[in-house]
Every structure is written in C-alpha cells, then in structure tokens.
Amino acid sequence: MTATSPTQAPSTAETAINNIKGTEEPEVADKGAETETETDADEFEDNGIIDHTTFDQLLEMDDEEDHEFSRSLVWNYFEQAEKTFEDMNNAMEKLDFPDLSRLGHFLKGSSAALGLTKVKESCEKLQHYGNRKDAAGVNNITNEEAETLISALLVQMRREYNEAESYLKVFYDGQE
C-alpha cells in the first residue's frame with residue numbers, strides 16, 4: 001500500500017503551498033538558485049504546521065491512492081475543532097478555567113493524532129493555563145494572568161488551526 005503525502009510528493013505539496021499563498025510556481029532557470037517564492041514555500045512547509053511523520057502514518061491507512069479514510073478523519077476533526085473553539089469562547093466568557101483546561105486537553109489529543117503540531121502545543125498551554133499554571137505546567141499563575149494568557153492564546157490557536165486547515169484542504173483537493 002503506497003500513500004502519497006506532502007513529504008513524499010513534493011510537487012503536490014508545492015502546489016498546495018502555492019495555492020494557499022495565491023502564487024504560481026516560479027520558473028527557475030538555475031535549479032540550484034533559490035527564488036524568494038521558493039524560500040517562502042519552504043518556510044510554509046517546514047514551519048511546524050504538520051508533523052509529517054504522524055500525517056504520513058495516517059495516510060498509510062488509506063487504500064492505495066484513495067485518501068477517503070484519512071480525508072474523513074480530517075474533515076471530522078475540522079467539525080470537532082470548530083465546535084471546540086465555540087465551547088472555548090463560551091468558557092472564556094464565563095472565565096471557566098477548569099472547562100478551558102478540559103477543552104484544551106480534548107483538542108490536544110485529536111490534533112496530535114493528525115500531526116497538527118502547533119495546534120497541539122497551544123492546546124497543551126491552554127490546558128496548563130486553565131489549571132492556573134504557567135505554559136510548562138510547573139509554576140502557579142493568578143486568575144488574572146491566566147485570563148490574559150488564555151485570551152492571547154485563543155487568538156493564536158485559531159490562527160494556527162486556520163493554517164493547518166488550509167494546508168490540509170489544499171492537500172486533499174490536490175489528491176482528487
């Protein structure tokens with residue numbers, strides 16, 4: 001069983017990256033020379049959005065080149081994450097720190113299963129902040145510090161999630 005992933009099929013990943021950025025792939029006379037667009041694409045691919053080892057393992061569960069199994073898991077994750085973000089916003093309005101911690105823990109697990117590294121790491125911080133601990137989960141912080149940190153983190157998490165969602169949607173659209 002062979003799976004195609006962004007790391008195994010660079011042309012697909014490059015296409016996905018360029019589609020997200022709204023750029024076309026540049027023509028390069030000297031393949032050894034790096035253009036600005038290529039550098040940006042490399043940064044997008046390597047900036048830690050996806051743990052390709054984990055994502056590749058998920059793709060290996062697909063039948064041949066048919067990515068329906070992994071696609072269904074990813075689309076279910078999108079639905080679950082949207083609901084969880086809604087619940088996080090509601091918990092934040094109430095300053096329900098235990099619920100924020102629980103929701104962070106919940107989304108952390110499903111993000112890790114897909115290899116969404118940045119989202120997973122932010123969820124872990126949310127879990128700690130909800131328990132009124134610092135980002136490492138070691139030192140106590142005040143409710144006010146937790147509120148400030150969580151407010152900023154929720155914005156960051158949404159941005160990271162949107163990046164991952166865009167990347168994955170473009171990847172799967174390129175597989176059809």
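Is L95 buried, partly exposed or exposed? Select L95: the residue is partly exposed, at a relative accessible area of 36% (buried is under 20%, exposed over 50%, partly exposed in between; 1.4 Å probe, protein chains only).

This is a predicted model, where local features need pLDDT of at least 70, side-chain atom pairs count only at pLDDT 80 or more, and totals for chains, interfaces and linings use all residues. Residues are numbered from 1 along each chain as its sequence is written, and side-chain values use heavy atoms, leaving out hydrogens and water.

Stay on L95. Its phi is near 50°, a positive value in a residue other than glycine. L95 sits in the loop between α4 and α5 (helices are DSSP runs of H or I, at least four residues, numbered from the N terminus).

Next, select R132. Here phi is positive too, about 55°, and R132 is not a glycine. Find R132 in the loop between α6 (117-130) and α7 (143-173). R132 is partly exposed, with a relative accessible area of 26%.

Now show helix α3 (residues 52-59) and helix α5 (residues 97-114). They pack at an angle of about 75°, with axes 7 Å apart (axes are lines fitted to C-alpha atoms over the stretch in contact; angles run from 0 to 180 degrees between N-to-C directions). So α3 is roughly perpendicular to α5 (65 to 115 degrees). T54, F55 and L58 of α3 meet A112, A113 and L114 of α5 (contact: heavy atoms within 4.5 Å).

Last stop: L73, in helix α4 (residues 68-93). L73 is partly exposed, at 33% relative accessibility.

How values were computed
Helix = DSSP H or I, 4+ residues; strand = E, 2+ residues; numbered from the N terminus. Parallel < 35°, antiparallel > 145°, perpendicular 65-115°, else oblique.
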